[in-house]
Amino acid sequence: MRKFTFRLLFYNLQQSFNYTEHSMRKIFSLLVMAAPLCAAAQDGGLIQYVKPIIGTQRMGHTFPGATYPFGSVQLSPDTDTIPYEQNGKYNPDVYKYCAGYQYDDKSIVGFSHTHFSGTGHSDLGDFLIMPTTGELKMNPGVASQPRSGFRSAFSHQTEVAEADYYKVKLDDYNILAELTTTTRVGFHQYTFPATDQAHIILDLMSGIYNYEDKNVWTFVHVINDTLVVGYRQTSGWARTRTVYFAMSFSKPFVSYGSRNYSRKQVYRGFWGKFDAAHDFPDLAGRQLRMHFDFQTKESEQIRIKFAISPVSTDGALLNLRTEAPGWDFNAVRAAGQAAWNNELSKLQVEGSTEEKVNFYTSMYHAFINPTVYMDVDGSYRGLDQNNHHADGFTNYTTFSLWDTHRALHPLFSILQTKRNEDMIQSMLAHFSQSPEHMLPIWSHYANENWCMSGYHSVSVVCDAIVKGNTPFDPNAALDACVTTSNRRSFQGIGEYIDRGYISAESNGTSVSTTQEYAYDDWCIAQAAKKLGRNDIYTAYMKRSENYKNVWDPSVDYMRPRLKDGSFKTAFDVLSTDGQGFIEGNAWNYSLYVPHDPAALITMMGGKKRFVQHLDSLFTMELPDKFFAETEDITRDGIIGNYVHGNEPSHHVAYLYDWTDQPWKTQERVRMILEKQYHPGPDGLGGNDDCGQMSAWYIFTSLGFYPVSPGDSRYSLGSPAVNSAVLHLENGKTFTVEAVGQGPKNVYVKKVTLNGQPLNRLYIMHDEIMNGGKLVFYMSAKHN
C-alpha cells in the first residue's frame, strides 16, 4: 500500500508544481528518504494536530470534510438546505451555511464536492451524494422532520474529521460514511447493512446559497452500470459557472432513475416518447435528482469515485483515471494524509498540545485555498469562457483577495513560494482574458464576482515584484496593475482619480474604498520603484496619499466627503451601517493606513495621543446596536471596539511598533491569540475567509507580521510558540526561538538575529529567506 501511496503522492506533486520528470524523480527520492514522516500520516505525524472541526460552529464558516492541499475537490457534509431567497427577499439564515455545515445541526442532507472555506458569502455545494436504505425518498426533507426526506440524523460521537478524511454514521440508515480525496477526485466509501433496498442519491439540484433559478442546466449520461458523466451550469455568485463530472461505482447498480423537478417548460420537444424516469441514460433539465439502486450484504462496502473538471466530461474521466485508478480507499487516504504531512512539515513548532492544535489547524486552513483549477493535462476554462492550457504553471482559482492579500499571500511568499508565483500567473491569465482588462477582485470558477472593494490583486502582484519572486515578466505584471487601477467605470475609480477621493453621493463605501485604493496605489509605486519606472512611482506615490482627502481633522476620523468638498454632517464613528465603510466603522477604519503609519500618527496628534487612542480601542465597550446591520461582525470577534473577526483591523495591534510603547503590541497580540482562537468547534471568532484569519494566527504566533504587503518588512510582536523551524523551498531553514516564553512572559526583553542584537522592530523578508536564527528573550515585564 505504501508503494501505491507514494505513486499517488508523486503524481500529485508533479501536477501541482509542473516540474519536469527529471526534477520530480529527485523529489521522489527525497520523499522516499522521508518515508517515516509520510508513513506517519495514519500513525499521527503533524496531521494529528489538525482538527478540521474547528470553526464549524457559529462564525468560522469552515467545513469538516476531506480535501487535498489546495485541492479542487472539497468533499464535505451539508447539514441543511436553507435557500438564499425567502418570500422574494434575502434569507439571513442562509449566511450560517456558507460552508454547508453547522456544528449544532442534528442531521446530514448529504455530501457535496465543492465548498468554500471560511467565507462570508457563498456558492458551490455541487453534486450532493447521499446513501440511503429502505423506501426511496427523493426529497431531502426538513431539519425539523428529518425522516420526511432522505437526510439522516447523526451524532458527533461517531463523527471523525481529519486532514483529508471524514467519517460519520448515518443513524437513520445504519450506514457508515467515509470520505477522502485526491486533488480532483472525491472518494466515497459507504458500509451498508444487509438490504435489497440500498440507494445512492445524486442530487444535482442541491447547492449552497441556492435559489430556484440558480441551476441553469444539468446534463447526465449514464454510460453503463458503473459509470455516469455529466455537467451542471449555475448562475449564482459566479454568473456563468459550469462544472463537469465523472462518477464511477465499485459495484454495478441494479437499476436507476431520475426525478425532474423543473417548472413546466413552454417547449419540451419530443422527449416525451421516452420514460425518462426509469433506466433512461440521456437526461437533461434544470432541476434533476438521480437514484442508483443496489442490493447489499451485511457490512458490504460500495465505493464511489467522483471527479470534477472545469473543461469537459472527458477531462473529468482523465482526472479520475489518472489520480484514482484503483479502488483502495485506504491507500488514497494515506496518500492524501502524507501530502498534508508534507505541507505541514514546512513549519515545525514546539509548544503545548493546545498550541500545536491551534497552529497546525491554522496551517491546514491556510493551505486549502486558493484551489487548483485545471485538469491533469493543464486544461482549464478561462474568464472568457474559452478553454485554455496552463503552460509552465498551475492554474488556481478562489481568490478572496480583499481578505487574503493581508497575510495569507505574504505567508505563501515564505512557505509556498512556487505556488504563490503560480497564483500570480493565474491572476495575470485572468487579466489577459478579462473583458474589463482587470486583475481579479474576487474570482472563482472562471468568473469574476466583484465582491468587496479595492483592487487587492495589485498588492499580491506588487509584493512578489518587490520581493523578487517573479518567474513571470514583472514589467508586464506592473502594467496589468496600472491598467486595473485606471478602470474608471469600476467602483468610483474615475472619481477617485479626478477628485482624489470617492464622494459619499457616489458610493456607499466611499471612505474605505478610497483608503483601500490609496494602499493599493502605494503597492504599485513600490513595484515601480523596484523596476526603475520612476514616472509610475511618482504618480502612484501621489495617489497613495489620497486617504488624507477623507480625513476630517475636526474630529480626527476618516469621514464621508461630499462632491462639494464638505464632510457629511450626519455621522457616527461607531456605527457600521451607512457611514461610508465596508464591514467596519470609522473608529476602526481610521487606523487603516498600513502603508504609512507614521503619517497617520502625525495626523492623529502624535505618538502620545495615538497610543491613548489605540488603548481605548481595546478597552471601550461597543454596544451590539452598532454592528447589528453587518452580518460579518458579531460579538464573537470583538474585543472592546477592536474587531478581529473581520479583516480591516488585522494590522492594528502592530501599530504600537511605530510609537514609544511597542511593548503594547506584544501585550495585545498575545491577548488576541488567547481570546480569538481555541481548539473547539467555535474556535474562530469570525469567518476564516479562505485562510486569512489562520494566516494571522501563524504569523503572530511566530512573532512577526506583514503590516503592509508590498513592503519587505515584517513588524515584530510576541512569539507564542517556544520554537519554530521554517523549511524554505530554497533549501534553507529559518529558526525562531522564544527563550522563556509563557502565558505571563509575553514581553520581549531583547532580540537577536544570527547571534547579533536586532535593534529595530522589524525583520526583512530577505533575512528570513536567506536562512538563520531569530531569538526572542521573553520577560514578564515590558522593556
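Two strands pair if DSSP finds at least two bridges between them. Strands (E, at least two residues) and helices (H or I, at least four) are DSSP runs, numbered from the N terminus. Welcome to a few exercises on this predicted model, in which local features need pLDDT of at least 70, side-chain atom pairs count only at pLDDT 80 or more, and totals for chains, interfaces and linings use all residues. Residues are numbered from 1 along each chain as its sequence is written, and side-chain values use heavy atoms, with hydrogens and water left out.

**Exercise 1. Find the residue that stands opposite Val-736, and place its strand in the sheet.**

Step 1. Look across to E40: Leu-774 is the residue opposite Val-736.

Step 2. Strand E36 (residues 733-739) and strand E40 (residues 772-779) run in the parallel sense, with 6 bridges.

Step 3. Now widen the view: the open sheet has 6 strands in the order E21-E35-E36-E40-E37-E38, with mixed pairing. Strand E21 (347-350) and strand E38 (756-757) are at the edges with a single partner strand each, so one side of each has no neighbour in the sheet.

**Exercise 2. Decide whether Thr-659 is buried or exposed, and list what its side chain reaches.**

Step 1. Thr-659 sits in the loop between strand E32 (642-643) and helix H18 (663-676).

Step 2. Its relative accessibility is 6%, so Thr-659 counts as buried (buried is under 20% relative accessible area, exposed over 50%, partly exposed in between, with a 1.4 Å probe and protein chains only).

Step 3. The Thr-659 side chain comes to 2.7 Å from the backbone oxygen of Tyr-656. A polar atom of that side chain also lies 3.0 Å from the backbone nitrogen of Gln-661.

Step 4. Leaving aside residues up to four places away in sequence, Thr-659 touches Ile-601, Lys-607, Phe-610 and Val-611 (contact means heavy atoms within 4.5 Å).

**Exercise 3. Work out which helices the buried residues of H11 pack against.**

Step 1. Helix H11 covers residues 474-485, which is 12 residues.

Step 2. Its buried residues include Ala-477, Leu-478, Cys-481 and Val-482.

Step 3. These buried residues of H11 pack against helices H9 (417-433), H10 (457-467), H12 (493-499), H13 (510-530) and H14 (534-543).

Conventions: Polar contact = N/O pair within 3.5 Å; in protein donor to acceptor, adjacent residues only side chain to side chain. Expected span 1.5 Å × (residues − 1).
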